[in-house]
Amino acid sequence: MLCAATARSTPSPRSCSGRRSGREGSGTGFTQKDLPGKPDIVFRRAWVVVFCDGDFCHGRDWEQRRAKLADGANPDYWINKIASNRERAVHQSQELEAAGWLVLRFWESELLTDVEAIADGVARAVRLDRS
């Protein structure tokens, strides 16, 4: 889930890409709590997981964002929180990959910019024979 700082009432990129991928007939599942990191979209038969990472909470353009946070309110909290999120995401991806999953991660702003292209890429990955 996107952090509260980026939550919105309009349809999320996550729900849009899931609906698009679901139309491909690929057996989509949402937010699988039994997998590390609770991927946003899971294609179990294809062993593909998709994460939709919020730009703020997952630290897109981290060096620039960290510099801005250092000048803002409660900088120690936010810098540590986002750094921890970034580190956790790396470990979760490594754990999933070690178990045989193909891990796809997309930034929130990428999804908002071109969800159709990303959904097409996900669909191609799901159809890919990785055996």
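**Ring cluster**

I started with the aromatic rings of this predicted model, where ring pairs link F56, Y77 and W78 into a cluster. My rule for a pair: rings of Phe, Tyr and Trp (its six-membered ring) have centres within 6.5 Å, with planes under 30 degrees apart called stacked, over 60 edge-to-face and the rest tilted. By that rule I get 3 aromatic pairs. The centres of F56 and W78 lie 5.1 Å apart with planes at 65°, so I wrote down edge-to-face. F56 sits in the loop between β3 and α2 (62-70), while W78 belongs to helix α3 (residues 75-98), 22 residues apart. For helices (H or I, at least four residues) and strands (E, at least two) I use DSSP runs, numbered from the N terminus. Y77 and W78 also pair edge-to-face, because their centres are 5.0 Å apart and their planes stand at 80°.

Buried or exposed, or in between: what is W78? I call a residue buried under 20% relative accessible area, exposed over 50% and partly exposed in between (1.4 Å probe, protein chains only). W78 comes out partly exposed at 25%, and Y77 is partly exposed too, at 43%.

**Ground rules**

I number residues from 1 along each chain as its sequence is written, and side-chain values use heavy atoms, with hydrogens and water left out. As the model is predicted, local features need pLDDT of at least 70 and side-chain atom pairs count only at pLDDT 80 or more, whereas totals for chains, interfaces and linings use all residues.

**Confidence**

I checked pLDDT, the predictor's confidence in each residue from 0 to 100. The protein has a mean of 83, and 74% of its residues reach 70 or more. Over residues 4-26 the value is below 50, and that stretch has 38 contacts (heavy atoms within 4.5 Å) beyond near neighbours in sequence.

**Cores**

Next I looked up nonpolar cores, meaning sets of buried Ala, Val, Leu, Ile, Met, Phe, Trp, Tyr and Cys residues joined through side-chain atoms within 4.5 Å. The largest has 14 residues, and F43, V48, V50, L104, F106 and V122 touch the most other members. Two or more residues each come from β2 (41-43), β3 (48-53), β4 (102-107) and α4 (108-127). Which element gives the most? That is α4, with 6 residues. I followed L104 too: leaving aside neighbours within four places in sequence, L104 contacts V48, V49, V50, F51, V122 and A125. A second, separate core has 7 residues, including L35, V42, V49 and W101.

**Salt bridges**

How many salt bridges does the whole structure have? I need a side-chain nitrogen of Lys or Arg within 4 Å of a carboxyl oxygen of Asp or Glu, and the search finds 3.

- R105 pairs with D53, the closest N and O atoms being 2.9 Å apart. R105 is in strand β4 and D53 in strand β3, so the bridge ties together parts 52 residues apart in sequence. D53 is buried at 8%, whereas R105 is partly exposed at 26%.
- R44 meets D34 at 2.8 Å, N to O. D34 is exposed at 55%, and R44 is partly exposed at 36%.
- R66 meets E63 at 2.6 Å, N to O. The two are 3 residues apart in helix α2, about one helical turn.

R105 turned up again: R105 lies over the face of F51, 3.9 Å from the ring centre. My test there is NZ of Lys or CZ of Arg within 6 Å of the ring centre and within 35 degrees of the ring normal.
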